[in-house]
Every structure is written in structure tokens, then in C-alpha cells.
Amino acid sequence: MSLDLRKKIVKIFWGCILFPPVLLLLLIIGVWLFADIPSFEELENPDSKLATELIADDGSVLSTFHIENRAYVNYQELSPYLVKAVIATEDERFYSHSGIDFISLGRVLFKTLLLGDLRQGGGSTITQQLAKTLYPREDVSSSVIGVKQFKILLIKLKEWITAIKIERDYSKDEIVDMYFNAVFFGSGAYGIKTASQTFFMKDPIDLNMQESATLVGMINKPTRYNPYLNPDKSLERRNFVLSQMEKSSFITESQLDSVLKLPIELHYNVLNHNSGLAPYFRDMLRRYMKEKEPKAKNYQYREDYSVDSLLWATDALYGWLEKNRKADGSKYNLDKDGLKIYTTINARMQKYAEEAVQEHLSKDLQPSFTRELRYKKNPPFSNDIQKSTRDWVMKQAYRWSDRYRSMKSAGVSQKQIDASFKRARKMRVFAWNKDGYEDTRMSPEDSIKYYKSILRAGFIVMEPNTSNVKAYVGGPNYRYFKYDNISQSKRQVGSVIKPFLYTLAMQEGMRPDDKVVNVPQTIMVGNKTWTPRSSEKDEWIGKTVTVKWGLTNSSNNISAYLMKQFGPRPMVQLMKKMGIGTYIDEVPSICVGSPEIRLLDMVAAYNVFPSKGIYTRPMYVTKITDNQGNVISNFVPSKHEAISENVAYTVIGLMQSVIDHGTGIRLRYKYGIKGDIAGKTGTTNDNSDGWFIAYTPKLTAGVWVGAEDRQVHFQSVSLGQGANMALPIWAIFYKKLLSDKSLGFNSKDEFKVPLAYNLDPINSINQEEIQGDKQVEEDNTNFFE
């Protein structure tokens, strides 16, 4: 071999040896210099879409606003078992490398790629996985040969460089913390905090060895190793993680043996937009914080515009997202900015409130209504509803449905749409069973009728003096019924309006023991007359009774008498002072409950009585902080005197008689609840709405129950009255509170007599005037005769 040929072979040999690493080095330098590598600031603030947390008054998380349900934890809040499990499984040389583990890369190249041993796993370190998670890979597809592979190489190099930068700028503990906060665990859980809550209802610091191993095992394939979806595969994977922990000397062999045969004990609770405590409250709060400055042209009634304008001007929470900006001038985003909203909700009271609604509707009221439907001519509509009205209601429901809108926008003819609504198909519908749904077969038309037959409810609980909202249940099931029956719905109020009329009477100098002849009252309305139908038994007509007797027995005659004395305008003005700002037509029939008012406003107004005459605007939130814990806003209550303390106490006595002797007596004889309680039941025309609002020295709570449409209701007065539809929810809830001693409610709590209370004793009442302890309430309203 000639010398020239030998030199040529040597050059080729060294060229083959040196060219790949030199090329790789040049690529790395080029990527470092020219590619879009995250800066230090970007590493500090990745676009991680942090969930905004709603915090209960005890510090627990009620729910979240989120795109990705993620919440951060610090390294100190991680269970030591989590750290050991992830290092043993994902990166055994984590503490000895600087972002890239070349030993693992060699193992992958030799055993996985050359020998095909897939059990060896990937060669990415925890830091590389973090880089990949924080900055997901872009699309690498290409029809040009070799371009896809080149893109993958560039991306891998970027990940390596990012990993090295992360290692340079952060400690190992900080990297582990960032990694656990970034990982997706399936079931909508982003980050270890959400995952531990979703699968075990624990904080990360409280996870034991086997729970930690289960979650770490899911990182590789979150669906395949999901313990809820694939329990057997998850158990196998968990035991593999535990074996790796023993292999790495993080646990002993005896510890391993003690847990290998243990089952996975889940407390599975998916935290999505339809789940968690207080979903109606969360939805209301989003709407409230997103409100824009009111414009008069968007309102039908001037009164409603005035109410919202006042909120905009005086309530910092109303329209908060429009009024506040971040340091860079951009708007806050509830789904991405990781805010913490500290609410007034009490988690246990919220749980009891949701249980009370569910128990009454599912076990008692809905079964009764479903049985009654069998005897209706055109269910779910009542027998007295005309065909034209039924057709109009169904036509409106068609047009509001997603099916109709999508078909109409696609250009489908009306004839085809009508045929589609009558064709049966498989569907899943809401049901009061353990699953919360039922798979069945019905037409879209029948499904509309089915949902219209489901009774709805609203239940809100406030605290006297502060008006802090402690529980908020806007409907029977948020997944299927999004409409909020507390703050969105206005319904006819029936007899729950009467305490305001009696308050006006007491304010104008009347006394509870003033005598009135119980006869029908006729009032002139323009050139017509109005006579409300008597609600009491015939034997009481013509007898002399007290004013107190009138409210105790919800007498329409006595209410009409008081209306003749004072007129509708002073009553409306008083209601406005007590916080009911919505439009109310100033007509005599308001005395028996013709106006349509939100449950929220009614309960806030009732809260004036145990608050010594002071109206306080309902409080939902106490403060908001950013994702670093810095306070952005604090909130304070807005208060004013609505009535005097003496008048408030006098009306409390009147309303206590309703509970002790009148239409609210079921609390006593059926539910056995003792103690100071004042309240009022309400029932509207045709039993379309059932109400019950009552208060104790420590809480005010109100319930509304009815169907979506007024044309769907009980035929039976005994079933459709407020004492049967709404009162039981209040009773079930309050009994739960009394049983939970930690909440501080006691049947011995008493309404305090004002120091300056000079009125004669107001609790005296002629027992002969009481119709009977089990009188059935009937306060049908607004009848013109």
C-alpha cells in the first residue's frame, strides 16, 4: 500500500470518527445561537395555565376555574415518597447529572433500539421531561424525506439545551417541584396537587408510599395506568415503581413486601366544571366578575338598570375582571392566571345544603310529582293548560335546543327538523339514581317533555349582620341543569312577600294585637275592583282576629286590609330599602305575592330582620390574591339601615308565630326542630312555585321549588304548597347543622331583645284564634273577582 493511499485511508477513518460529534457540536452551537430557546424569564414564567382556586372560609378548595386544572405546590408540600418514587422510576442518576444522562442514552441506543427491549424505557431525564412538558413539541410532519427526522433532531437538541439551562438556574429540589407541578396525570388533573385530590382526596404531603407510587406510575401513560379506568394495570405499574424504589434503596425489602399485596384504595373525585362543591356558586361568581358597565339600552326596566349601575359603582367585585388590570395592562384571566379567590362559603354547610336539596327532591317530591303525571292528559303539563299554550311552550323549547340551532344553521328544512325531533334514538338523560343518569331511548321531543317534568330548586344560606353567603345551591344537578334559580330566575313570590307588608304596618304604628274583622276586602284599581280570594276556612270569615293572627295564618283578607290602609307605593319603597330593587308594579295585588323576584333578593331582604334592621348587600368574596399570594383586592360589606331595630324585633315575633302555630309548623311537628325560628311559607297560583324563607339568630336561608315552566305543576294543593315543596329542604339542612357541633349552631340560640324595646309583649296571642297546629297553607295570589 502506497504512502498516499495510507494517508487517505487514515483521513477517511478519522473523518468518520470525528465528523458526527463535530457536526453535533456545530448543531448544538447553532441551535443555541439561533433557535427559539426559552429565556431565563420564560423559564421563570411558563404558560402553564394555572387554575384559579375558589377557597372556602376554612381554607379548603371548593372548586376551580381552569382550562387545565392545575394548582402549584412547593417542594416542602410534597410527600418524600413522591420524590423517591419519581427518581427511582424516571431518573435514578438525577442528583449526579447536569440535565442529560449519557449513560441512559447509551442504554436506550443499545438495549432499546438495537436489541428491541422496550422495558428499558426512554433516556430522558426528569429535567428533559420538564423541558418537554413546559414547552410542548411543535408539529414535525412533512412530506419531504428526511425533513421530519431533522426537525425531531432539532427539537431534541432544543430540549437538551433547555434542560441544561434549567439545571444551571435551578436547584434539584426546585426542578423536582416544577416537574410535579407540570405533569399531566389524566382525568383532567394537571400537576400533583390536583392529581392527589382527584384520586385520593388528599394533599400531596399526606400521600403514603403506595399512593405516591400509584401517581408516579401514571406519569408514563396516564390513561393506561389510571387506577380508576384500568385498576389491574395500575396495580401492576404501582408495584413496579415500588420495586424500583427498593432497588434504589429508598425503601427496604420488608417495606416492599408489606405493601405489594395491598389494593389501591381510591377516593376518586374528578374535578371538572360540572363537579366539586358549589358549582352554581362558581358559575354565578364568574358571571358577576365578568359583568360590563351597564348600559340603559340593554334593560327593559329602569329599576333593574339602576340596581346594576349602583353595583358597578359601589361593589368592587361586580365587573372585577373589567375594572382591574395586571401590571402589563392586560386583563386577568380566571382560567389561566392562578388567582386565589377567598369566598364566604362554608364547605360543610355547602355540602349539607346540596345533600338537603338532593334528599328531598329525589326521595320525596319528584316521586310524588312523577306519580301525579300518570293522571295528566298531556304530561307534563297540567290539565288546565290549553293546547295553544302547550304548543307555544314546546316550540320555544325546540328553538332553544342545540339540536334545532345546529340543524337550522346547516340549512336543514323545517319539515326535516320536525321529523328529527319525533324520531327515537339512544340518549343519556338525568335521573335521580346513584349514577345521576339513565341510558334510554326516546325522541328529542319526548326528552324535552321529560326534562320539563324534573322539578328545580334554589337554596341559599346567609349569615345575619355580615350577609356572608355560606351555601349556594342553584339547582338540582349542575351537569344537566345549568340555569341558576337563585340569581338568574325571577319567580312569583306568593305569601313570602307578606312580612314586608306587616313590617310597613308595624313601622306606621300598628301593633301585633290590633283587632281586625276577617272579611274579604275589595280595592279599587282604576275603574275596576279587585278582591283577593280568601285563603282561610269559612268558619273564620266574619270573626275578629289580630294582625298577628293574619300573618300566622297567611290570611289574604288581612293582607288586603293592610294594603287598603297603606297602599302599594309605600310597600314597594320599603322593599327597596330592604334590598329588593327589581321592578315591582305598584298595584294592590302585591300584598298577596304577585311580583316576580329573585330568591337572592328575597333572602337578603329577610336577613334584615335578624340583622337588627340593617340591610347588608350579600357578600361572596373577602379577598383575591395573585398566584404569588399578593393581595389584589379586599372586599368590605355595604350596609344601610332599612328599618329600626324595634320594628325588626316586632316582625321577628310575628314570624315566629308562623313557625310555632301557623303555616310553617311542620318544622316543629314533623321534623322536631326546636329553638327560635322565624319564617314564612309561600305558594303561588296553581301551585307553580313553592317558597320557604326562615331565619334563626345565626342564619337566614331561603328555598324556592318549582318546574321550569309555570304550566307544569302539582294539581294537588297539599303537595304543591310551599310547606311541602320547599320547607323540607330547609328542615333537612338545619337538622344537619344542629348535628354538626363544630359549626356552632344550637337550638338554644335566642333572638335578643333590643335595649330600647318599649313595646308591650308581642308574643301574646289568643290560642282560640289558632286554626290548628297542622293547618295546611294555601295562599293563592292575585285573584280578580
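A residue is called buried when its relative accessible area is under 20%, exposed when that area is over 50%, and partly exposed in between (1.4 Å probe, protein chains only). The structure shown is a predicted model, in which local features need pLDDT of at least 70 and side-chain atom pairs count only at pLDDT 80 or more, while totals for chains, interfaces and linings use all residues. Residues are numbered from 1 along each chain as its sequence is written, and side-chain values use heavy atoms, with hydrogens and water left out.

**The whole chain**

Begin with the entire protein in view. Of its 785 residues, 52% are buried. The protein holds 29 helices and 22 strands; helices (H or I, at least four residues) and strands (E, at least two) are DSSP runs, numbered from the N terminus. A contact means heavy atoms within 4.5 Å. Among contacts in the protein with a separation of 6 or more, 70% are between residues 24 or more positions apart.

**Aromatic pairs**

Next, display the side chains of Phe, Tyr and Trp. Rings of these residues (for Trp, the six-membered ring) pair if their centres lie within 6.5 Å; planes under 30 degrees apart count as stacked, over 60 as edge-to-face and the rest as tilted. The whole structure contains 28 aromatic pairs. Select Phe184 and Tyr190: the ring centres are 4.6 Å apart and the planes meet at 35 degrees, so this pair is tilted. Phe184 has 34% relative accessibility and therefore counts as partly exposed.

Move to Tyr288 and Tyr318. Their ring centres are 5.1 Å apart with planes at 80 degrees, so the pair is edge-to-face. This pair links distant parts of the chain, 30 residues apart: Tyr288 belongs to helix α12 (residues 279-290), and Tyr318 to the loop between α13 (302-314) and α14 (320-323). Both residues are buried, Tyr288 at 12% relative accessibility and Tyr318 with a relative accessible area of 3%.

Then select Phe430, Trp432, Tyr450, Tyr451, Tyr480 and Phe481, which ring pairs join into a cluster.

**Charges over rings**

A charge sits over a ring if NZ of Lys or CZ of Arg is within 6 Å of the ring centre and within 35 degrees of the ring normal. Select Phe94 to find Lys172 over its face, 4.3 Å from the ring centre. At Trp312, the charged end of Lys323 sits over the ring, 4.8 Å from its centre.

**Helix α13**

The 13 residues of α13 reach 18 Å from the first C-alpha to the last, close to the 18 Å expected at 1.5 Å a residue; the expected span is 1.5 Å times one less than the number of residues.

Two strands pair if DSSP finds at least two bridges between them. Select the open sheet of five strands ordered β9-β8-β22-β21-β20, with antiparallel pairing. At its edges stand β9 (469-473) and β20 (678-683), each with a single partner strand, so one side of each is left without a neighbour in the sheet. From one strand to the next, the twist averages 5 degrees. Within this sheet, β8 (residues 456-462) and β22 (residues 700-706) pair in the antiparallel sense over seven bridges, and Val461 has Ala701 in β22 as its bridge partner.

Helix α24 (residues 599-606) lies across β8, β20, β21 (689-695) and β22, at about 30 degrees to β8. Helix α29 (residues 727-739) lies across β8, β20, β21 and β22, at about 45 degrees to β8. For these angles, axes are lines fitted to C-alpha atoms, for helices over the stretch in contact, and angles run from 0 to 180 degrees between N-to-C directions.

**The mixed sheet**

Select another open sheet of five strands, ordered β2-β1-β5-β17-β18, with mixed pairing. The edge strands are β2 (61-65) and β18, each with a single partner strand, so one side of each has no neighbour in the sheet. The twist averages 20 degrees from one strand to the next. Strands β1 (residues 52-55) and β5 (residues 340-343) pair in the parallel sense over three bridges, with Lys340 in β5 as the bridge partner of Glu53.

Finish at β17 (residues 621-625) and β18 (residues 631-634), which pair in the antiparallel sense over three bridges. Thr625 stands opposite Val631 in β18. The hairpin of β17 and β18 has five residues between the strands, and Gly629 there takes a positive phi near 90 degrees.
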